[in-house]
Amino acid sequence: MKELNELTRRLLAEGYTPEDTPPGTCEYKSYYGGWTYTSQALNQMVFETPCGLLVRGSRFTNGYLASRGVDWRPENDNPVIPCPRFASGPCSLRHPLLQTEKLCCGPDDVVYQCDCHPTDRPYTYEGSLDEAHKRVWQESDELWKAVETAHNGRVCRHQSRYGRTSKTWTTYYSPMECARLWPSCSHCSVLEKDLVPQKGNVFYDVKRTWTEKGTGLFPDEERVSIEKGCKLLEKTVSMTICEAIVRYGRQDAEQRAMGRYQRAMFFDPTLKIEVLNLRAARMDTRDILLDLQDVANGIQVTHAADSLKAAKAQKKARREAAKKQRIRKVEQMLLTCGWNGLDDLWRRRAEKLLDDQRIDELHLQWKAAQAQTPPEETQIRLF
């Protein structure tokens, strides 16, 4: 049984029993420590941080912290929130058990937990947690202007991160990230150009080299294959981004391409993967003469588009075969039981897979078969 929370202790002292449900509380549950506040009651409450910031009770409706043997929750008058000051060290106003209770969100962001307590002060925006947070981001906006000036405007805020503890901006540029965010942007401040509306993809070729084990008198043989026209991105994006990936983000692109073959390389230590001919294009084109030259050199050449087309054709064939099998099963049930003998499930299947004309035809065949079947002879018993 869980220890009673402070709210329950107060209500029991006032004369309530576990069978009661006091106003503003949920039904008594021993595994919650007794009564808990309803969401509506919490929304009407106001809490205060150790440094005097006002906090709406609605911030504490999504669970609570359980740490160091304490349930930090509204029912115990001690719910916690991330410190809006984002200080780098402990605070003397904070509860002693929370001095080391922190979350490091990278080297530039340290988040401590602050315990709050209920207050009779009415909520005002001035002097509140919301105002403190707004000041943090206003300060970040001011510092960002300095970053833009230092980089002559060629910096992307979408790809930058602000450290609320260190109060510094960390900037970087990755065209691969632009491909993920597109089309949220129409102008690239890093490249100092508008993104063209024409869409394309980044294509590459994959060269596989592996050793095929020989058997008997046949020695091991080194095999080479090339798959051409592989797509790097899952969807088409502006050609400006595709060209930037090839020019500035080649390393990230090759890492993503190599990551797709890590499993195969793990199970075959002899397998070597090379990413070749990284290029930006609206659609992939084939060099027939180069393909013939590679084949003449003993290299197995395939194209990703052909492999994808074959896989889709096989999938379609499997679906059609499975559908035909279901149709045969439904037709057999109609010929065996007739329409009136089917339950609701088989009737729905028949209506989905067959048209009305076919259903009527099969039902008539069942009736004709029933009419031609002689009745079973019964033996007369004398006793």
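## Lys367 and its helix

Lys367 is placed in helix H11, which covers residues 356-372; helices here are DSSP runs of H or I with at least four residues, strands are runs of E with at least two, and both are numbered from the N terminus. With a relative accessibility of 45%, Lys367 counts as partly exposed, a class that lies between buried (under 20% relative accessible area) and exposed (over 50%), using a 1.4 Å probe and protein chains only. From C-alpha to C-alpha, Lys367 and Glu243 are 70 Å apart in space, and they are 124 residues apart in sequence.

## Basis of the model

This is a predicted model, in which local features need pLDDT of at least 70 and side-chain atom pairs count only at pLDDT 80 or more, whereas totals for chains, interfaces and linings use all residues. Residues are numbered from 1 along each chain as its sequence is written, and side-chain values use heavy atoms, with hydrogens and water left out.

## Helix H1

In helix H1 (residues 6-13), the buried residues are Leu7, Thr8 and Leu11. Viewed down the axis of H1, these buried residues fall within an arc of 95°, so they line one face of the helix; the arc is that of the directions from the helix axis to the C-beta atoms.

At the start of H1, a side-chain oxygen of Asn5 comes to within 3.2 Å of the backbone nitrogen of Leu7. Just after the helix, Gly15 adopts a positive phi of about 110°.

## A three-stranded sheet

Three strands form an open sheet in the order E2-E1-E8, with antiparallel pairing; two strands pair if DSSP finds at least two bridges between them. Strands E2 (54-56) and E8 (117-118) stand at the edges with a single partner strand each, so one side of each is left without a neighbour in the sheet.

Strand E1 (residues 46-48) pairs with E8 in the antiparallel sense over two bridges, and the bridge partner of Phe47 in E8 is Pro118.

## The chain as a whole

The secondary structure of the chain comes to 11 helices and 17 strands, and 36% of its 383 residues count as buried. The radius of gyration of the chain is 35 Å, whereas a compact globule of 383 residues would have one near 21 Å; the radius is taken over C-alpha atoms, and the globule rule is 2.2 Å times the number of residues to the power 0.38. Along its principal axes, the C-alpha trace spans about 95 × 90 × 50 Å.

Conventions:
Polar contact = N/O pair within 3.5 Å; in protein donor to acceptor, adjacent residues only side chain to side chain.
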